[in-house]
Amino acid sequence: MTAEEHKKFLEADFDDVSLDNLVDISKIRIDRNRTQERRKKQFLRAAGNPYLVKVGDTKVKIRFANNGVSFEDAFENLLLMS
């Protein structure tokens with residue numbers, strides 16, 4: 001992911017996309033036998049924009065506080081749960 005793509009993903013808003021165009025992350029399956037780096041890439045390919053997704057019929061905008069858990073740590077925890 002380039003810096004420009006990352007910025008575009010971060011700036012996307014609910015009004016920018018319809019529910020039908022979002023990926024339902026509850027249906028993404030990650031191969032646990034792959035390395036962590038490959039699991040990250042697999043998720044990003046499947047999810048498209050990792051900050052704006054859906055779970056069932058609910059839009060989800062993911063944001064992180066500047067002083068909270070880093071995106072990478074939160075993303076790794078998400079992969080470990082799958």
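Let's start at glutamine 42, which touches Arg29, Ile30, Asp31 and Arg34 once residues up to four places away in sequence are set aside; contact here means heavy atoms within 4.5 Å. Glutamine 42 lies in helix 2, and helices (H or I, at least four residues) and strands (E, at least two) are DSSP runs, numbered from the N terminus. At 17% relative accessibility, glutamine 42 counts as buried. For that label, buried is under 20% relative accessible area, exposed is over 50%, and partly exposed is in between, with a 1.4 Å probe and protein chains only. Histidine 6 is 36 residues from glutamine 42 in sequence, and the two are 16 Å apart in space, C-alpha to C-alpha.

A word on what you're looking at: this is a predicted model, where local features need pLDDT of at least 70 and side-chain atom pairs count only at pLDDT 80 or more, while totals for chains, interfaces and linings use all residues. Residues are numbered from 1 along each chain as its sequence is written, and side-chain values use heavy atoms, with hydrogens and water left out.

Now step back to the whole chain. It has three helices and two strands, and from the N terminus on they run α-α-β-β-α. The radius of gyration is 13 Å, close to the 12 Å that the globule rule gives for 82 residues, so the chain is as compact as a globular protein of that length. That radius is taken over C-alpha atoms, and the rule is 2.2 Å times the number of residues to the power 0.38. Along the principal axes, the C-alpha atoms fill a box of roughly 35 × 30 × 25 Å. Of the contacts with a separation of 6 or more, 65% are between residues 24 or more positions apart.

What about the inside? Buried residues make up 24% of the 82 residues. The largest nonpolar core is made up of six residues: Ile28, Ile30, Phe43, Ala47, Phe75 and Leu79. Such a core is a set of buried Ala, Val, Leu, Ile, Met, Phe, Trp, Tyr and Cys residues joined through side-chain atoms within 4.5 Å. Helix 2 (36-47) and helix 3 (71-81) are the elements that give two or more residues to this core. In soluble globular proteins, nonpolar side chains tend to be buried together.

Not counting residues up to four places away in sequence, lysine 40 touches Glu72, Phe75, Glu76 and Leu79.

Asparagine 49 is in the loop between helix 2 and strand 1 (52-55), and at 12% relative accessibility it counts as buried. Beyond its neighbours within four places in sequence, asparagine 49 is in contact with Phe9 and Ala12. Asparagine 21 is in the loop between helix 1 (3-11) and helix 2, and is exposed, with a relative accessible area of 59%. Asparagine 21 and lysine 54 are 33 residues apart in sequence and 9.3 Å apart in space, C-alpha to C-alpha.
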